[in-house]
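Okay, everyone, thanks for coming. Let me put the structure up on the screen, and then I'll talk you through it.

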Amino acid sequence: MSTYAQKKGFGATVWDYLTTVDHKKIAILYLIAGGLFFLIGGLEAVFIRIQLAVPNNDFVSAGAFNEIITMHGTTMIFLAAMPLLFAFMNAVMPLQIGARDVAFPFVNALGFWLFFFGGIFLNLSWFLGGAPDAGWTSYASLAIHSKGHGVDFYVLGLQISGFGTLMGGINFLVTIINMRAPGMTYMRMPLFTWSTFVASAMILFAFPPLTVGLTLMMFDRLFGANFFEVAMGGNTIIWEHLFWVFGHPEVYILILPAFGIFSEIFSTFSRKRLFGYSSMVFATVLIGFLGFMVWAHHMFTTGLGPVANAIFAVATMAIGVPTGIKIFNWLFTMWGGSVKFTTPMYYAFGFIPSFVCGGVTGVMVATAAADYQYHDTYFVVAHFHYVIVGGVVLALLAGTHYWWPKMFGTMLNETLGKITFWLFFIGFHLTFFIQHFLGLWGMPRRVFTFLPGQGFDAANMVSSVGAAFMSAGVILLLLNIVVTQVKNVKVGNDPWEDGRTLEWAIPSPPPFYNFKQLPLVRGLDALWLEKMEGKKGMTPAEPLGDIHMPNASFIPFMISLGLFIAAFGAMYHVNDKPWAIPVLILGLAVTFGSMLVRSLKDDHGFHIHKEELQDEKGAEA
Amino acid sequence: MTNQPLSSSNPRVDLEYRRKKNVEEMRHQVISFTLMIFLTFIAFAVVALKGFTASFIVPFILLLAAVQVVFQLFYFMHMSHKGHEAPSMFLFTGLFLGLVIVLAFMTIIWW
């Protein structure tokens, strides 16, 4: 299509993105929005470290500190890490299985806008009377007594963005089950696609408990129910269970795609087939399954009793086995490979020792008896930052460098990338390694300050200096992105030259229909297989024909906007504001009206005709 | 194959095979229907007859109900057909995880 490469005005580009149903553009939206929230969450982290740099500091007040730690955790998990992973899943997974889009492009756009409006709603709390302050877990005994609207913002914002995540997960599942290219059997799918599949299945099973918990909390806070109010016969522990039934699978939802990204990188830059592919698949599925059996290890000190504690402790340690399988497979992938040290490979190298550290402390805190000592200290803070930053964030940064050329058609500067890596990696260990010892020395988590002379002073200063290094790394990455996009040097299909999977068989960025002809997949690492036989690209599996494409639509934006408006009505209804109920009704009317329009108006999409595809230059598929 | 309508315009459809399949499926449906009626009858009988305690009756009826659900899913909602592997996998995984969570909530939550 000739319109694809045409220069467009700014307004037209914005409208294009507001209405797009193209998985590659939605991926860019996820990347931008997730990146923005990552910066906001990072800024909150910097505030935390400034406040804790010296004893008796008064950079922020105790109340503001509670808001900052709550929003740091919530933002980083729900609004930064998940959307950034969704960005890569959207950008890469359909290409890796040889599909032209996800199964439901409209729902894909809807999922993004729901997440985006939920995130905006949550962050507006800063300007509308105070952010949530009951911790990212929002335990009911704190949350239902929290003054102001902070926790309401948390409940409604996460509910809205949770809908979006659930839709995204279901969409990926259907896509992977139904839309694999001819020859792409399950056991030929790249590991990133496999981990997307398992993570999506986990989203499908893990988000409903969160939805239930948030709904109960919403009724408690906004409509006078007493599900968690002990004085009225409720039970505050049920929130903790509901939250962690969701919350523990959630951390695997984050780490599995991260494993997938690293699996791609290790095999690409070791220029070797991934060692033990089938055991990798098995381990991924097993981690996904066991992830649902361990939630109560977050609650060892709640008083579940020794039997329950023992069961959950053993189940938790069992997850170490498939994770260990993965670690060894990555090492064996590099063993004997012709390793190329690119920026993504730097991150992959840094990931292994960092994540193993987090895994080892994970087994330590999984030991129920010992956990009574670790619980609520900085040891736990150090542990989960080692797995989430050392695992997920390193993977996100690696994935950004690795797939940037595929998403934008330009190559991030390698030298700047490596400097970014060293700044971030050193900063990360400087910040969090010392926190293990702070915890063992007895510093509790979630305290807004500490007294001098308890032996915490130097260690906290070291930790804060580390945060400065990490910030410098992130700023350098942004600089790298700006410089790269300004220079705008376009690259070809396979800029790393060692691409193994289908996404590297098509131009960067891919044409909007992805594959002119669906590729024939003859084995694992489909493109690599063809390259080794001296072919330039994939063999097509079908004759050139018309391609059916979905139309762009503004309706997903409107459906999400309606819920965003309705949430304000629901929240201010408790203050007896006269406009609250009308706003609630107006918002729901917008949402359901938009859904009605979508249902009544037939939208059959359009066809790209064979002749247009033949005219086009480049685009080999 | 068996899911296609009989009036398909596809000339390569093996009508003989299809008819045989349909007869076989109808037989399965009738058999499972009879069994389900029989199971229901047993359930009523257990309650009606004197001599069984509630601690036997409740789990027993629940077991019969579970068997009926399986019959329903496989013979009437066509889960026995090919191409239903993924849905049934997700169904049973979800069921298992849900039951584990219910079991945990019933045993370890204290009031």
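In chain B, residues 24 or more positions apart account for 45% of the contacts with a separation of 6 or more, where a contact means heavy atoms within 4.5 Å. Over in chain A, for contacts between residues at least 6 apart in sequence, 82% join residues at least 24 apart.

Some housekeeping. We're looking at a predicted model, where local features need pLDDT of at least 70, side-chain atom pairs count only at pLDDT 80 or more, and totals for chains, interfaces and linings use all residues. Residues are numbered from 1 along each chain as its sequence is written, chains are lettered from A and ligands numbered from 1 in the order in which they are written, and side-chain values use heavy atoms, with hydrogens and water left out.

Let's stay with chain B. It has three helices and zero strands, so to speak of helices and strands here is to speak of DSSP runs (H or I, at least four residues, for a helix; E, at least two, for a strand), numbered from the N terminus. Along the sequence that reads α-α-α. Of its 111 residues, 21% count as buried; buried is under 20% relative accessible area, exposed is over 50%, and partly exposed is in between, using a 1.4 Å probe and protein chains only.

How confident is the predictor about chain B? The average pLDDT, a per-residue confidence from 0 to 100, is 82, and 86% of the residues score at least 70.

Now find helix 3 of chain B, residues 85-108. Its 24 residues reach 34 Å from first C-alpha to last, close to the 34 Å expected, and that expectation is 1.5 Å times one less than the number of residues. Which residues of this helix are buried? They are B:Ala86, B:Ser88, B:Phe90, B:Leu97, B:Ile101, B:Ala104 and B:Ile108. And what covers them? The cover includes pieces of chain A, among them helix 6 (150-178), helix 7 (191-222) and helix 8 (236-269).

One more stop in chain B: B:Tyr75, in helix 2 (residues 54-76). B:Tyr75 has a relative accessible area of 30%, so we call it partly exposed. Leaving out residues up to four places away in sequence, it touches B:His28, B:Gln29 and B:Ser32. B:Tyr17, meanwhile, is 58 residues from B:Tyr75 in sequence and 19 Å from it in space, C-alpha to C-alpha.

On to chain A, with 20 helices and two strands. Its radius of gyration is 24 Å, close to the 25 Å that the globule rule gives for 621 residues, so chain A is as compact as a globular protein of that length. (That radius is taken over C-alpha atoms, and the rule is 2.2 Å times the number of residues to the power 0.38.) The C-alpha trace spans about 70 × 60 × 45 Å along its principal axes, and 58% of the 621 residues count as buried.

Last, zoom in on A:Gln159, in helix 6 of chain A. Buried or exposed? A:Gln159 is buried, because its relative accessible area is 10%. Beyond its neighbours within four places in sequence, A:Gln159 is in contact with A:Thr211, A:Leu214 and A:Thr215. Its side chain also makes a polar contact with the side chain of A:Thr215, at 3.1 Å. Polar contact here means a pair of N or O atoms within 3.5 Å; within protein, one must be able to donate a hydrogen and the other to accept it, and residues adjacent in sequence count only if both atoms are side-chain atoms.
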